[in-house]
Amino acid sequence: ENKPEWFVKASPLEKVPILFVGEKVLFESLVILDYVNTLSPVSLLPADNLERALNRARAEFSGEVIGTFWSVFSAKTEEV
């Protein structure tokens, strides 16, 4: 509701988080995490491909659960 114009312009899905990197904008949590991981001299993710994939799957699942809870807690009426 009442999102500032700069935010709507920067975030195509009008969601957070977003990360400004110079003049460019990254959006979507896992994309931002992947980018931050590339800045670290040592990977923040497990070296094992399967474990890394499982971590990403858990992150996606967590995001969905949090979104569902947010919808419930921010509903203005019982019907919503």
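Which residue forms a salt bridge with Glu14? I looked it up in this predicted model, where local features need pLDDT of at least 70, side-chain atom pairs count only at pLDDT 80 or more, and totals for chains, interfaces and linings use all residues. Residues are numbered from 1 along each chain as its sequence is written, and side-chain values use heavy atoms, without hydrogens and water.

**Entry 1: Glu14**
I found Lys3 as the partner, with the closest N and O atoms 3.4 Å apart. The pair links distant parts of the chain, 11 residues apart: Glu14 sits in the loop between α1 (5-10) and β1 (18-21), Lys3 in the segment before α1. I noted the rule for a salt bridge: a side-chain nitrogen of Lys or Arg within 4 Å of a carboxyl oxygen of Asp or Glu. Helices (H or I, at least four residues) and strands (E, at least two) are DSSP runs, numbered from the N terminus.

**Entry 2: the other pairs**
I counted three salt bridges in the structure. Glu28 pairs with Lys15, the closest N and O atoms being 3.7 Å apart. Glu28 is in the loop between β2 (24-27) and α2 (29-39), and Lys15 is in the loop between α1 and β1. Arg56 meets Asp34 at 2.8 Å, N to O. That pair joins helix α3 to helix α2, 22 residues apart.

I checked Arg56 next. Its relative accessible area is 31%, so Arg56 is partly exposed (buried is under 20%, exposed over 50%, partly exposed in between; 1.4 Å probe, protein chains only). Asp34 is also at 31% and counts as partly exposed.
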